[in-house]
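Trainee: I am new to this structure and would like a close look at a single part of it. Could you start with the whole and then take me to one residue?

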Amino acid sequence: MKITVHSSKAVKPSYGDTGSAPTAATDTVTLTAFDKVNFDQYISFLYFFSPQVASPPNAVLEQGLAKALAVHRHWAGRFGVDANGDRAIILNDAGVCFVEAKADIALSSLMPVNEPTPALLSLHPNGDGADELMLVQFTRFTCGSVVVGTTAHHLVADAYGRCAFVTAWGNATRGAAAGDPIPAALDRPSVFKPRNPPCIEFDHKHIEFKPRSETVDTKFVHTGDKVVVHRVHFSTDMVSKLKEQASAGTPWPYSTVKCVAAHLWRCITAARGGLAGSDDTATTLKIAVNGRHRMRDPEVPEGYAGNVVLWARPTTTVGELVSMPLGHVVELVSTAVARIDDGYFRSFVDFAGSGAVEEEGLVPAADPTKMVHCPDVEVYSQVGIPVYDVDFGAGRPFLYMPGYLPEEGLVFILPALEGDGGVDVQVCLFSRAMDVFKSCCYALAEGPH
């Protein structure tokens with residue numbers, strides 16, 4: 001497949017004739033502790049649209065993007081520092097990079113998408129060395145299909161914030177409202193003020209942060225083996241059986257994400273075999289927890305654009321994990337997730353604002369240079385995020401997928417297009433473990449052995 005780029009330009013916010021243009025171009029959005037503790041890297045996503053309805057001309061897409069940026073100004077800014085020297089987004093309206101491209105084949109020749117091939121990677125813009133906080137690529141295929149690729153900096157927003165912007169872009173392109181202004185967009189720290197006096201109840205120093213001198217553990221880095229990515233679909237029936245098996249004897253069923261995450265943790269560990277270490281080796285499931293509906297006093301404003309994610313870390317040994325019943329693993333996961341409640345989020349805010357991070361030279365534990373998670377597994381769920389609500393005028397996408405991140409042990413749990421309770425899962429493993437994983441990921445009652 002050959003991708004021809006026809007143009008690459010900066011699209012800036014368009015405020016129209018409403019008189020709503022900002023009076024100052026040097027406003028800043030100071031990053032919060034949740035932003036700064038996250039991964040300092042670009043994240044890419046792809047949206048696939050069928051040719052059943054013609055997509056709007058590129059000029060209309062560009063106009064819609066400019067209108068959406070007038071509401072979501074943070075994406076049109078650049079990184080800098082605020083008056084206190086803290087890292088911030090400078091709202092200078094410098095713009096988003098908009099790439100217009102064409103492919104010389106029909107999109108059907110790339111289907112089905114079970115793994116992100118080099119051809120698929122060319123469908124989203126590369127953020128390496130970029131100044132822009134958001135880059136988008138609109139690629140048209142000979143059959144009339146379209147793929148929209150987005151590359152966005154993670155310190156600006158989490159998956160909720162990124163999805164809200166792309167949805168607003170689609171709405172504006174169709175002539176609908178791009179959405180109300182994002183609450184607290186210009187003063188993020190005011191949403192997460194430390195308490196007075198602070199109440200630090202948990203050990204954030206060794207969880208969300210780490211000493212700068214701490215290096216990545218290379219004990220489980222295996223040379224000579226390629227990291228591969230595979231996408232699997234868990235049908236509604238599969239998910240129902242998982243939940244039924246895991247929830248037997250409980251007063252209410254466990255959630256889909258907890259059951260699927262626990263099942264994958266077992267399967268991946270079993271598939272790794274000796275790569276995961278001996279039976280008494282500790283293994284941790286690092287699972288992202290969204291604080292938007294967990295923080296209570298005060299609540300996170302509706303539509304908040306930044307990051308509001310911390311991580312739960314259930315831990316056991318390799319031997320216990322692969323031998324214990326699924327219900328016990330899900331209970332382990334559920335207990336750890338429940339622990340990341342309003343009190344935990346508030347404790348994190350208090351610790352981050354206490355001065356200890358600066359005084360002790362701590363850095364975020366979220367390390368984008370860590371390429372191997374074995375014997376651990378890292379899970380990110382986008383179930384509940386309306387990723388399939390994006391519509392540029394040609395209907396909803398028929399496929400959504402994260403861009404390729406070659407991190408062994410990284411898992412994305414995604415909502416299925418059908419919206420019927422099924423999920424799609426993207427798993428990154430060493431090739432020797434992936435072959436075993438493919439054969440055991442649909443196993444239920446008999447376990448992952």
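Mentor: What you see is a predicted model, and the secondary structure of its protein chain comes to 11 helices and 18 strands. The C-alpha trace spans about 65 × 60 × 45 Å along its principal axes, and the radius of gyration is 22 Å, which agrees with the value near 22 Å that a compact globule of 449 residues would have. Buried residues account for 54% of the 449 residues in the chain, while the accessible surface comes to about 18700 Å², with 52% of that surface belonging to carbon and sulfur atoms. If you take the contacts between residues at least 6 apart in sequence, 81% of them join residues at least 24 apart.

With that setting in mind, let us turn to V329, which is found in helix α8, a helix made of residues 326-339. V329 counts as buried because its relative accessible area is 0%, and buried means under 20%. Leaving aside residues up to four places away in sequence, V329 touches A262, W265, R266, L321 and M324.

Definitions and conventions. Residues numbered from 1 in each chain as written. Predicted model: local features only at pLDDT ≥ 70, side-chain atom pairs only at ≥ 80, totals over all residues. Heavy atoms only, no water. Helix = DSSP H or I, 4+ residues; strand = E, 2+ residues; numbered from the N terminus. Buried < 20%, exposed > 50% of the residue type's maximum accessible area, 1.4 Å probe, protein only. Contact = heavy atoms within 4.5 Å. Rg over C-alpha atoms; globule rule 2.2 N^0.38 Å. Areas by Shrake-Rupley, 256 points an atom, 1.4 Å probe, with all protein chains shown as cover.
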